[in-house]
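Here is a short briefing to read beside the model on your screen. Keep the viewer open and follow along topic by topic.

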Amino acid sequence: RNPDVWSAVDGYVTDLLAPDDEALTSALSASDQAGLPQIAVAGNQGKLLYLLAKTQGARSVLEIGTLGGYSTIWLARALPEGGRLISLEYSEAHAEVARANLSRAGLDGIAEVRTGAALETLPKLAAEPGAGPFDLFFIDADKKNNPHYVEWALKLSRPGSVIIVDNVIRGGAVLSGEGADEAVTGTREMFEVVAREPRLEATAIQTVGTKGYDGFLIARVLS
Ligand code: SAM
């Protein structure tokens, strides 16, 4: 384990391949100034989200967990003309920062932030005429609800939709059974939901970097 090397390598990769431009830099500094926690995805991870959305040809994205909109900007930038992103955020204060950041990035017309607990805003969204199906889901909110978020994503998906769940390794704590915190318990339940769901094919990848030792799950909807 050498977190200094992990961070240095992230810096090397990010500087060369995924540098923050002005809108992304301002999004992070405005988030810091507003006192938001520094828990956005790293730059090279944001670029991965962007590349996955582009590779899939996503036209619609549903994000759960906006924070200051850093990952939202990466994802919204991957969308073609007429594309749409909805991001769900519990905290009104976080959403306000995110809206200003999205606006500064010129993404007002593409990305929309809705506030409230996602388990309350998801059924409202699903009841709207024309809501979904979404091509790509990025789940990065309260980890204890991850099993429910994956189930909602499935409901709002189409065959070929992609579901990405962040922070699923948790420094290896995902292996802990009894006595684990609710983020770990929720993550393990989410793994079980995905594993037994015949409509999903999936894997999870461990990562190291500026965000420590963690990882993400990626699933594709079959039918
Ligand atoms: N995706 C963001 C990024 O990479 O830039 C980071 C999101 S941060 C890890 C998690 C966010 O989820 C926080 O802003 C938190 O307020 C929000 N959150 C927590 N519980 C939630 C809930 N029940 N519904 C919606 N959002 C929630």
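In which sense do strand β1 and β2 pair, and over how many bridges? Strand β1 (residues 60-64) runs parallel to β2, and the two are joined over 5 bridges. Please keep in mind that this is a predicted model. The points below start from the sheet and move on to the core, the ligand, a helix pair and some local backbone features.

**The sheet**
- The open sheet is built from 7 strands in the order β3-β2-β1-β4-β5-β7-β6, with mixed pairing.
- β3 (111-115) and β6 (200-209) are the edge strands; each has a single partner, so one side of each lacks a neighbour in the sheet.
- On average, neighbouring strands are turned by 15 degrees against each other, if direction is ignored.
- β2 is largely enclosed by the rest of the structure, because 5 of its 6 residues are buried.
- Strand β4 (residues 136-139) and strand β5 (residues 162-166) also pair in the parallel sense, over 4 bridges.
- I139 has V165 in β5 as its bridge partner.

**The nonpolar core**
- The largest nonpolar core holds 57 residues, and those touching the most other members are V61, I73, L75, F137, I139, I163 and V165.
- Helix α4 (residues 70-77) gives the most to this core, namely 5 residues.
- Leaving aside residues up to four places away in sequence, L75 touches L49, Y50, A53, V61, E63, L85 and F138.

**Around the ligand**
- There are 18 residues around the ligand, of which A40, G65, S71, Y90 and A118 come nearest.
- α4 and β2 (84-89) each supply at least two residues of this shell.
- Sorted by class, the shell has 10 nonpolar, 5 polar and 3 charged residues.

**A pair of helices**
- Helix α7 (residues 146-155) and helix α8 (residues 182-196) have axes that come within 7 Å and cross at roughly 35 degrees.
- On the α7 side, N146, P147, V150 and E151 take part, and they meet G186, T187, E189, M190, V193 and V194 in α8.
- The residues of this contact divide into 5 nonpolar, 3 polar and 2 charged.

**Q56, at helix α3**
- Q56 belongs to helix α3 (residues 43-56).
- It counts as partly exposed, because 16 C-beta neighbours lie inside 10 Å.
- Q56 touches D135, L136 and V162, not counting residues up to four places away in sequence.
- Q56 and L136 are 80 residues apart along the chain, yet their C-alpha atoms are separated by 8.4 Å.

**Backbone features to look at**
- In general, most residues other than glycine have a negative phi, and most peptide bonds are trans.
- G132 and P133 are joined by a cis peptide bond, with omega about -5 degrees.
- P133 sits in the loop between α6 (118-127) and β4.
- L67 is not a glycine but has a positive phi of about 55 degrees.
- The loop between β1 and α4 holds L67, and this residue is buried, with 26 other C-beta atoms within 10 Å.
- N167 also has a positive phi, near 60 degrees, and is a residue other than glycine.
- N167 lies in the loop between β5 and α8, and counts as buried with 23 C-beta neighbours inside 10 Å.

Definitions and conventions. Residues numbered from 1 in each chain as written. Predicted model: local features only at pLDDT ≥ 70, side-chain atom pairs only at ≥ 80, totals over all residues. Core = buried A, V, L, I, M, F, W, Y, C linked by C-beta atoms within 7 Å. Buried ≥ 20, exposed ≤ 12 C-beta atoms within 10 Å, placed from the backbone. Contact = placed C-beta atoms within 7 Å. Near = placed C-beta within 6 Å. Nonpolar A, V, L, I, M, F, W, Y, C, P; charged D, E, K, R; others polar. Axes fitted to C-alpha atoms, helices over the stretch in contact; angles between N-to-C directions. Pairing = 2+ DSSP bridges.
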